[in-house]
Amino acid sequence: MTPEEMIEQGKKEFIARYGEGTQLITWGVAKVTRDVSDDFAHTFVFHVYGNDGVNNSKYEGTITLDKPETLNAFSSLTEDQLITSIKAKLGSSAVTTIENNLKTKLNEAAATPTTTEGMPWS
């Protein structure tokens with residue numbers, strides 16, 4: 001399969017799974033820094049991806065959380081728990097701004113594409 005065919009297949013799979021015109025925003029944690037003495041996970045590099053099946057956009061940030069009175073064991077932490085904590089520290093306004101900025105970038109990329117497909121002889 002050619003790279004172009006792989007891209008086209010990826011687009012079709014995205015649309016089949018999420019629907020045409022869908023903008024998927026996905027949060028993730030790329031790096032965790034913790035204290036060795038008590039396993040307190042405090043600083044996180046996080047990313048937020050925007051994808052519409054054709055265009056992609058990314059936001060990356062670093063945040064340090066306040067130490068809670070009771071710590072969960074580092075080995076029991078999940079990415080979903082960390083994302084919830086990151087969003088809480090950022091606040092709903094900042095979360096909405098990040099997500100809306102990614103959606104705006106996707107809309108701009110869709111309105112003014114920078115690439116197109118086709119053969120020069122067709």
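## Aromatic contacts in a predicted model

Tryptophan 27 is buried, at 11% relative accessible area; buried means under 20%, exposed over 50% and partly exposed in between, with a 1.4 Å probe and protein chains only. This is a predicted model, in which local features need pLDDT of at least 70, side-chain atom pairs count only at pLDDT 80 or more, and totals for chains, interfaces and linings use all residues. Residues are numbered from 1 along each chain as its sequence is written, and side-chain values use heavy atoms, with hydrogens and water left out.

The structure holds 3 aromatic pairs. Rings of Phe, Tyr and Trp (its six-membered ring) pair if their centres lie within 6.5 Å; planes under 30 degrees apart are stacked, over 60 edge-to-face, and the rest tilted. Two of the pairs, including their geometry, are tabulated here.

| Pair | Centre to centre | Angle between planes | Type |
|---|---|---|---|
| Tryptophan 27 and phenylalanine 46 | 5.8 Å | 15° | stacked |
| Phenylalanine 46 and tyrosine 59 | 6.2 Å | 40° | tilted |

Tryptophan 27 belongs to strand S1 (residues 24-34) and phenylalanine 46 to strand S2 (residues 41-51), so their pair ties together parts 19 residues apart in sequence. Strands (E, at least two residues) are DSSP runs, numbered from the N terminus. Tyrosine 59 lies in strand S3 (residues 56-64), so its pair with phenylalanine 46 in strand S2 joins parts 13 residues apart in sequence.

Phenylalanine 46 is buried, at 2% relative accessibility. Tyrosine 59 is partly exposed, at 34%. Ring pairs link Trp27, Phe46 and Tyr59 into a cluster.

A charge also meets a ring. The charged end of arginine 34 sits over the ring of phenylalanine 74, 4.1 Å from its centre. That label requires NZ of Lys or CZ of Arg within 6 Å of the ring centre and within 35 degrees of the ring normal.

Terms used. Helices (H or I, at least four residues) and strands (E, at least two) are DSSP runs, numbered from the N terminus.
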